[in-house]
Amino acid sequence: MTMAIGFRFFPTEQELVSFYLRNQLQGTRQDMHLVIPVLNIFYDLEPWDLPKLAGELCKGDVEQWFYFTPRQEREARGGRASRTTASGYWKATGSPGFVYSSDDRVIGMKKTMVFYKGKAPNGRKTKWKMNEYRAIEALSDPYVSAPPKLRHEFSLCRVYVASSSSRAFDRRPLEAHNNAATTSGGASGTSHAGGDHYNPAEASEDEFWELVNNLEEHAIGWGQINEI
């Protein structure tokens, strides 16, 4: 199977979580691996080696690549997942964010990481970045007041190279893009494919993992989410 010139795999964040990640967690739709293969990308491989290991239908992509990443054994035993490779490490940046459905329900969680070459904490920051998505387990009874839980068996990772261009991930003609930038005051940073690459103020590694691993204790209106 080949893709016609100009076609790209360019899913929104909602599609990544609600369709691709959920089907992977349920063990269905193995044909998805033609675009999102299963690969342990954190400590087995360097980021610049990942594009050639992309899904069969996405090997020609030059902007972003997607992978299902299984939970590490140490993480399953309650430890912290390893983010170290032979040449460097992935470091969380900013604070975790939520992924919303089209009807404004929280369906997943996203964290952003940057790859550093060398040993922590003195590594050199690179332009390789990653969005890691995890699904939030849906409640079978919307009237039951219970905290949502993250699904840890698999995460879905979007890997890309940070670009200083305001047209990164943009599919609109240049003229339309400039008009939109003028209308909005020139603000940029949001992916038009549904991937927001804006990073809030950095959190420490310990603060970040405490928030992710203890999602049920997150101080937001989970009851409101359950009622939606």
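Guide: Buried means under 20% relative accessible area. Keep that cut-off in mind as we walk through this predicted model.

Visitor: Which of the two, Glu 13 or Lys 110, is buried?

Guide: Both Glu 13 and Lys 110 are buried, so each has under 20% relative accessible area.

Visitor: What makes the contact of Glu 13 and Lys 110 a salt bridge?

Guide: Their side chains meet at 2.9 Å, N to O. The cut-off is within 4 Å for a Lys or Arg nitrogen and an Asp or Glu carboxyl oxygen, so the pair qualifies.

Visitor: Why is Thr 28 called partly exposed?

Guide: Its relative accessibility is 31%. You will find Thr 28 in the loop between helix 1 and strand 1.

Visitor: What makes the link of Thr 28 and Asn 23 a polar contact?

Guide: The two side chains are joined at 2.7 Å, and the cut-off for such N or O atoms is within 3.5 Å, so the distance passes.

Visitor: How do you know that strand 3 and strand 4 pair?

Guide: They share 9 bridges in the antiparallel sense. Pairing needs at least two bridges, so the strands count as paired. Within this pairing, Lys 110 stands opposite Tyr 133 in strand 4.

Visitor: What makes Arg 105 and Asp 103 a salt bridge?

Guide: Their closest N and O atoms are 3.2 Å apart, which is within 4 Å, so the pair counts.

Conventions:
Residues numbered from 1 in each chain as written. Predicted model: local features only at pLDDT ≥ 70, side-chain atom pairs only at ≥ 80, totals over all residues. Heavy atoms only, no water. Helix = DSSP H or I, 4+ residues; strand = E, 2+ residues; numbered from the N terminus. Buried < 20%, exposed > 50% of the residue type's maximum accessible area, 1.4 Å probe, protein only. Polar contact = N/O pair within 3.5 Å; in protein donor to acceptor, adjacent residues only side chain to side chain.
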